[in-house]
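Have the structure open beside you as you read.

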Amino acid sequence: MSDIYKVKPISYPVKGIVQVPGSKSITNRALPIAALADGECRLSHVLFSDDSRHFINCLKTLGFQMNVDEPNKEVRIQGQNGYISGNGDEVVDLFVGNAGTAARFLTACLAIGDGVYRVDGIPRMRERPIQDLIDALRMLGVSIEDELQTGCPPVRIRGGKLPGGKTRVKGNKSSQYLSGLLLVAPYASSDVTIEIDGELIAKPYVHMTIEMMKAFGVEVENRDDQAFFIRAGQRYQARTYAIEPDASNASYFLAAAAITGGTITIENLGKNSLQGDAGFAYVLERMGCQVSLTNDSVTVTGPQDGKLQGIDIDLNEMSDMTQTLAAIAPFASTPVTIRNIGHIRLQETDRIKALATELGKLGQTVHEYPDALRIEPAPIRPNVEIDTYDDHRMAMSFAILGLCADGLVLRDPMCVRKTFPTYYEVLETLY
């Protein structure tokens, strides 16, 4: 693909069953859990993308025996029962690209490693905070530092025993700090209690982590999302584990149904999903769509008059849906307000600012606040080039907007490789 992608407008309701790759969030939790388990784990429906490949490559660098079968979306990992190899005092370098989950989960897990490690990534990763995780690990007795003294990677970890005890982590920056601590906590020498400082954001991602730990045999005591207790001596048990389709990536196709008056079904993603973003279907329902959710599928049908209803919503617990919702806001009959999303300024890009800028190019009136956006729908300007900011969700969401706009062009479209390398191929099945 070239450095631009011209979105072809669609003049009819889209219909069909869309196949979405495995969940990034589940894949990037299953990989470290399997590596720490007490034998071989077989992971099926694995997402193969830039992020997961970086994670897999890091595990290979750490000496884990892996059988990676991309065509069949399967990974077999020989878990080492909590052992992570090192190279004495020689630093083991681990490159994570721009994969925030890999950076944070690996940093936590390397506390029990048998060596010295450096976790680093692309220039943007060096702007993504990790100080709160560093502070929390230090409280548990871990030797760790940010080499540039910026509170961001590169991070150097001297592994050894994880003493355990009590630690605190801020809840309002990123739930990935807490998830990283939870993942490694069973391997501490003593019980671990993690207290939350302030309100915990993105709770569904934490609950996902806990449910996956339970599926592999480790129990976490959740004390009203304000403290978490993990008993020492527990170990992840080897098993076969199937990864759900990615609910975040499914949202783009459900949004396509919403703005075209069509009907889209996503299979193997239903009421029992571990992913909070599966709730985006109910956001669309509030905007006038018909939603059918079964145990193993979700179907959305857009309003037949082609007009969505505006909405005022707190998206803190599914903040990755901000861009999807913002991209369909121009098709609403009244304003769309998205609240409590300040932490997304620290992700792949400043997502609030990026949305305000690109929607403004399209003629929308956008009010930008520190932790919110208000979009007042207006006629969409034709023939606009959209910058994607090396952010996969900017590219995927504005591609959906382009289905009902004239001449929309995406710059740097292949940033979608981060989580959905075949996105445009799947998108074109809608035509």
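**The domain**

Please keep in mind that this is a predicted model. An unreviewed UniProt entry places the feature "domain: Enolpyruvate transferase" at residues 13-427. Within that span, 29% is helix and 23% is strand.

Two packed helices are described by the angle between their axes and the distance between the axes. The table gives these values for each pair.

| Helix pair | Angle between axes | Distance between axes |
|---|---|---|
| α1 and α6 | about 40 degrees | 11 Å |
| α1 and α3 | about 20 degrees | 10 Å |

Let us take α1 and α6 to begin with. Helix α1 covers residues 24-36 and helix α6 covers residues 203-215, and their axes meet at an angle of about 40 degrees. That angle is why α1 counts as oblique to α6. The crossing of these two helices is right-handed. On the α1 side, the contact is built from Ser 25, Ile 26, Arg 29, Ala 30 and Ile 33, while α6 brings Tyr 205, Met 208, Thr 209, Met 212 and Met 213. Sorted by class, the contact of α1 with α6 has 7 nonpolar residues, 2 polar and 1 charged.

Helix α6 also packs against α5. The crossing of α5 and α6 is right-handed. Here Ser 175, Leu 178, Ser 179, Leu 182 and Leu 183 of α5 meet Tyr 205, Val 206, Thr 209, Ile 210 and Met 213 of α6. This contact of α5 with α6 holds 7 nonpolar and 3 polar residues, with no charged ones.

Now back to α1 and its packing with α3. Helix α3 spans residues 100-109, and its axis makes an angle of about 20 degrees with that of α1. With this angle, α1 is therefore roughly parallel to α3. The two pass each other in a right-handed crossing. From α1, Asn 28, Arg 29, Pro 32 and Leu 36 touch Thr 101, Phe 105 and Cys 109 of α3. The contact of α1 with α3 divides into 4 nonpolar, 2 polar and 1 charged residue.

**A salt bridge across the sequence**

Side chains of opposite charge can pair when their charged atoms come close. Counting pairs with a side-chain nitrogen within 4 Å of a carboxyl oxygen, the model has 30 salt bridges. One of them joins Lys 173 to Asp 132, with the closest N and O atoms 3.7 Å apart. Lys 173 sits in the loop between β10 (165-170) and α5 (175-184), whereas Asp 132 belongs to helix α4 (residues 131-139), so this pair ties together parts 41 residues apart in sequence.

**Two backbone details**

Most residues other than glycine have a negative phi, and most peptide bonds are trans. Where does the model depart from a negative phi in a residue other than glycine? One place is His 45, with a positive phi near 60 degrees. His 45 is in the loop between β3 (40-44) and α2 (50-61). As for peptide bonds, the one from Pro 153 to Pro 154 is cis, with omega near 5 degrees. Pro 154 lies in the loop between β8 (143-146) and β9 (155-158).

Technical notes. Residues are numbered from 1 along each chain as its sequence is written. This is a predicted model: local features need pLDDT of at least 70, side-chain atom pairs count only at pLDDT 80 or more; totals for chains, interfaces and linings use all residues. Side-chain values use heavy atoms; hydrogens and water are left out. UniProt positions are given in the numbering used here, feature names are shortened, and annotations may be inferred rather than shown by experiment. Helices (H or I, at least four residues) and strands (E, at least two) are DSSP runs, numbered from the N terminus. Axes are lines fitted to C-alpha atoms, for helices over the stretch in contact, and angles run from 0 to 180 degrees between N-to-C directions. Angles under 35 degrees count as roughly parallel, over 145 as roughly antiparallel, 65 to 115 as roughly perpendicular and the rest as oblique. A crossing is left-handed if the near helix is turned anticlockwise from the far one by less than a right angle, and right-handed if clockwise. Contact means heavy atoms within 4.5 Å. Ala, Val, Leu, Ile, Met, Phe, Trp, Tyr, Cys and Pro count as nonpolar, Asp, Glu, Lys and Arg as charged, and the others, Gly among them, as polar.
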